[in-house]
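Below is a short briefing on one protein chain.

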Amino acid sequence: MDFILELFGNVLNFTWQQGLMILIGITLIVLAIKREMEPALLLPMGFGAILVNLPMVHTEAIETLFNAGIASELFPLLLFIGIGAMIDFGPLLSNPKMFLFGAAAQFGIFFTLTVAMLLGFDLKDAASISIIGAADGPTSIYVANYFSSNYQGPIMVAAYSYMALVPIVQPPVIKAITSKKERLIRMPYKPDSVTKATKIIFPIFVTVIAGTIAPKSAELIGFLMFGNLIRECGVLDSLSGTAQNVLANLITLLLGISVAFKMKAELFVTVETLLIIALGLVAFVFDTVGGVMFAKLLNLFSKNKINPMVGAAGISAFPMSSRVVHKMGRDEDPQNFLLMHAAGANVSGQIASVIAGGLIITLVENLL
C-alpha cells in the first residue's frame with residue numbers, strides 16, 4: 001500500500017516542465033543517433049536530462065560528478081589535452097596570415113556581450129552567454145563556471161548544439177554575404193614545409209604569449225598546447241593516441257552527463273533559456289560574418305585574393321567548419337581545394353576562442 005501511495009505521489013509531483021525536459025532529452029538522443037550530431041556528447045546529455053527530471057529522483061551522484069568535473073574545471077582542462085593532441089598546426093604555420101581570421105571570427109562574442117546586457121542579463125551572465133559564439137564547448141563551460149553563471153545548463157547545451165549545427169547554420173549565412181564570383185576564388189596551397197622543430201616550439205611559444213596577453217586563458221591554452229606538444233614531440237605516440245581517442249571520448253561522455261545536473265526543469269524551462277539560445281545563434285552568426293567580412297576587407301588591398309568563405313572557418317568548431325567551407329567551395333567549383341586554407345583558419349580559431357574567453361574574464365573583472 002505504501003508503495004502505491006508513493007507511486008501516486010510521484011505522478012502528482014510530475015510537472016509539464018519536467019515532461020518538456022524529458023522530451024528535450026529524447027530529442028538530443030535522436031539527434032545523436034539518427035543525425036550523428038556530436039553523439040559522444042549529446043547522447044549522454046540527453047539521457048542525463050531524462051534522468052534528472054524524473055519525479056522524486058535523487059541526483060546527488062550527478063551533482064557529485066558535476067562538482068568534481070565541471071565546478072572544479074577538471075573536465076574542460078582534460079578535454080583540451082585531447083583536443084590539442086588532435087590538432088595539426090601545420091596548415092596554419094604554412095600560411096600564418098590565417099591567424100588573422102581566428103581573431104576576426106570572434107567578433108560575435110563581443111557583439112553578443114553587448115546585446116545580452118541590453119536585454120537585462122547582468123555582466124557575468126552576459127559574458128558567459130557571449131562565449132557560445134566561439135563554438136567552443138569547453139571554453140563556454142570554463143567561463144560560465146568561472147563566473148558561477150545562473151544559466152550554466154542552457155549555455156552548455158546551446159554551445160554544443162551550435163557546434164553540431166555548423167553544417168546547417170554556416171552555409172546560408174556565408175552565401176548571404178558573398179557573391180558567386182567570390183566563392184569561386186581559388187587559392188594556391190603550398191605543401192606543408194614546416195619543420196618538426198617549429199611544430200614543437202609552436203605550442204610552447206603560444207602558451208607563453210597567450211598567457212602573457214590574457215593570463216586568465218593560461219590554463220586552457222596551456223592544456224590545449226600541452227596536448228599538441230604530446231602529439232608533435234615524437235616520443236609519446238602512444239599517449240598522443242590515447243589522448244586523442246580514449247581520453248577525449250571518455251571525458252566528453254562524463255562531461256555530457258554531468259552537464260545534465262544543470263538541466264533540471266526548474267532551472268532550464270524559463271524565458272531566459274530561450275533568450276540564451278537565441279543569443280547563442282546571434283553570436284554564432286556574427287562570428288561567421290566577422291570572419292567573412294574581414295577576408296573581403298583584406299581583398300581590397302591584396303593582390304592574391306582570399307576566398308571569403310575561408311574567413312568563416314575562423315570559429316573554433318574544429319574540424320567541422322573547415323569541412324563546411326571546403327564542401328561549399330567544391331560545390332561551386334569541383335576543382336577548388338580550400339580544405340587546408342580553411343583548416344589553418346579553423347585551428348587559429350581554436351586558439352583565438354580560448355584567448356577571447358580569457359580576455360572576457362579579464363574585462364569583466366576589471367569592470368566589476
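In this predicted model, helix 11 is mostly covered, with 13 of its 13 residues buried. Across the protein chain, buried residues make up 53% of the 368 residues.

**Helix 11**
- Helix 11 covers residues 152-164, and its 13 residues should span 18 Å at 1.5 Å a residue.

**The chain as a whole**
- The protein chain contains 21 helices and zero strands.
- A compact globule with 368 residues would have a radius of gyration near 21 Å, and the value of 21 Å for the protein chain agrees.
- The C-alpha trace spans about 80 × 45 × 45 Å along its principal axes.
- Of the contacts in the protein chain with a separation of 6 or more, 79% are between residues 24 or more positions apart.

**Helix 15 and helix 21**
- Helix 15 (residues 218-232) packs with helix 21 (residues 339-367) at an angle of about 155°, and their axes are 8 Å apart.
- Because angles over 145 degrees count as roughly antiparallel, helix 15 is roughly antiparallel to helix 21.
- On helix 15, the contact is made by L220, I221, L224 and M225; on helix 21, Q350, I351 and V354 make the contact.

Technical notes. Residues are numbered from 1 along each chain as its sequence is written. This is a predicted model: local features need pLDDT of at least 70, side-chain atom pairs count only at pLDDT 80 or more; totals for chains, interfaces and linings use all residues. Side-chain values use heavy atoms; hydrogens and water are left out. Axes are lines fitted to C-alpha atoms, for helices over the stretch in contact, and angles run from 0 to 180 degrees between N-to-C directions. Helices (H or I, at least four residues) and strands (E, at least two) are DSSP runs, numbered from the N terminus. Angles under 35 degrees count as roughly parallel, over 145 as roughly antiparallel, 65 to 115 as roughly perpendicular and the rest as oblique. Contact means heavy atoms within 4.5 Å. The expected span of a helix is 1.5 Å times one less than its number of residues. Buried means under 20% relative accessible area, exposed over 50%, partly exposed in between (1.4 Å probe, protein chains only). The radius of gyration is taken over C-alpha atoms; the globule rule is 2.2 Å times the number of residues to the power 0.38.
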